[in-house]
Amino acid sequence: MNHFEYTDPTGDRLVIAPDHGPNGQPVVAFTTIPHTGGGTSVLVPLEHLEEVIAGERDMARQAGGATCGHTCPKPSHTHTCQRSPQHLDIHRDVKQKGNETCNWEQPHEPTVTEALDIIRRWYIDVNDGAGWDASDLIHDLEKSGYPLPDDENDEE
Ligand SMILES: [Zn+2]
Ligand SMILES: [Zn+2]
C-alpha cells in the first residue's frame, strides 16, 4: 500500500496512508509513531481532508514558515527579507525589529524638489477643500525631513 512517511529529528514518525473507517468508508489515516513505540491513528474522511491540509498550511504560516523573501538590494548581500509575506514598511533580514543585521531602508536625502512637491500636494488638497491647514503642511515637511526653522522665540 502506498503511503507518505515523515521522520522528525528525534525519530518520531508520522505515517499518512489510505485506510477504511469503522463503516468501511474511505479515509486517510494520520498515524504518529513515537520512537519509543506504540502509536495513534486519526482517521480523516476524504470530505474533511482539505480542511486538515488548509489548517496545516495556516499553522506553517503562523510558525514563520512563510516569509516575504525579498532579496537584499545591497551589493554582495544574498540574504532575503524574513518578515511576513504581507508586511508593510521596510524589508529586513529578521522578523523582529531590533535584531536585524540589515534592512532595506534607502538612505533619505532631502531635496528641494521633494519639498516643493510636498507643498504642491498640500496646496492641491487645500484647494480641493480637504480641510487641511498650514499645520498639516508643517507636519508633512517635518515627517519627510524638512523641519521649518523654530520660531517659538519670535512669538514671545
Ligand atoms: Zn543586506
Ligand atoms: Zn520584505
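Biologist: Is helix α3 buried or in the open?

Modeller: A residue is buried if 20 or more other C-beta atoms lie within 10 Å of its own, exposed if 12 or fewer, and partly exposed in between, with C-beta atoms placed from the backbone. Helix α3 covers residues 134–143, and of these 10 residues the number buried is 0, so the helix lies largely in the open. Just after α3, Gly145 has a positive phi of about 95 degrees.

Biologist: What should I know about the model itself and its numbering?

Modeller: This is a predicted model, in which local features need pLDDT of at least 70 and side-chain atom pairs count only at pLDDT 80 or more, while totals for chains, interfaces and linings use all residues. Residues are numbered from 1 along each chain as its sequence is written, and chains are lettered from A and ligands numbered from 1 in the order in which they are written.

Biologist: How many helices and strands are there in the chain?

Modeller: Helices (H or I, at least four residues) and strands (E, at least two) are DSSP runs, numbered from the N terminus. The chain has 4 helices and 4 strands, and from the N terminus on they run β-β-β-β-α-α-α-α. Of its 156 residues, 4% count as buried.

Biologist: What order do the strands have in the sheet?

Modeller: Two strands pair if DSSP finds at least two bridges between them. Here the 4 strands make an open sheet in the order β1-β2-β3-β4, with antiparallel pairing. β1 (4–7) and β4 stand at the edges with a single partner strand each, so one side of each has no neighbour in the sheet.

Biologist: Which strands form hairpins, and what happens in the turns?

Modeller: Take β2 (residues 13–20) and β3 (residues 26–33), which pair in the antiparallel sense over 8 bridges. Their hairpin has 5 residues between the strands, and Gly24 in the turn takes a positive phi of about 85 degrees. His20 has Pro26 in β3 as its bridge partner. Next, 6 bridges join β3 to the antiparallel strand β4 (residues 40–45). This hairpin has 6 residues between its strands, with Gly37 in the turn at a positive phi of about 105 degrees. Across this pair, Phe30 is bridged to Val42 in β4, and Thr32 stands opposite Thr40.

Biologist: Now the helices. How do α2 and α3 pack?

Modeller: Two packed helices are described by the angle between their axes and the distance between the axes. The axes are lines fitted to C-alpha atoms over the stretch in contact, and angles run from 0 to 180 degrees between N-to-C directions. Helix α2 (residues 112–127) packs with α3 at an angle of about 150 degrees, with the axes 10 Å apart. That makes the two roughly antiparallel, a term for angles over 145 degrees.

Biologist: Which residues meet there?

Modeller: Residues are in contact if their C-beta atoms, placed from the backbone, lie within 7 Å. Ala115, Ile118, Ile119 and Trp122 in α2 meet Asp136, Leu137, Asp140 and Leu141 in α3.

Notes: Parallel < 35°, antiparallel > 145°, perpendicular 65-115°, else oblique. Contact = placed C-beta atoms within 7 Å.
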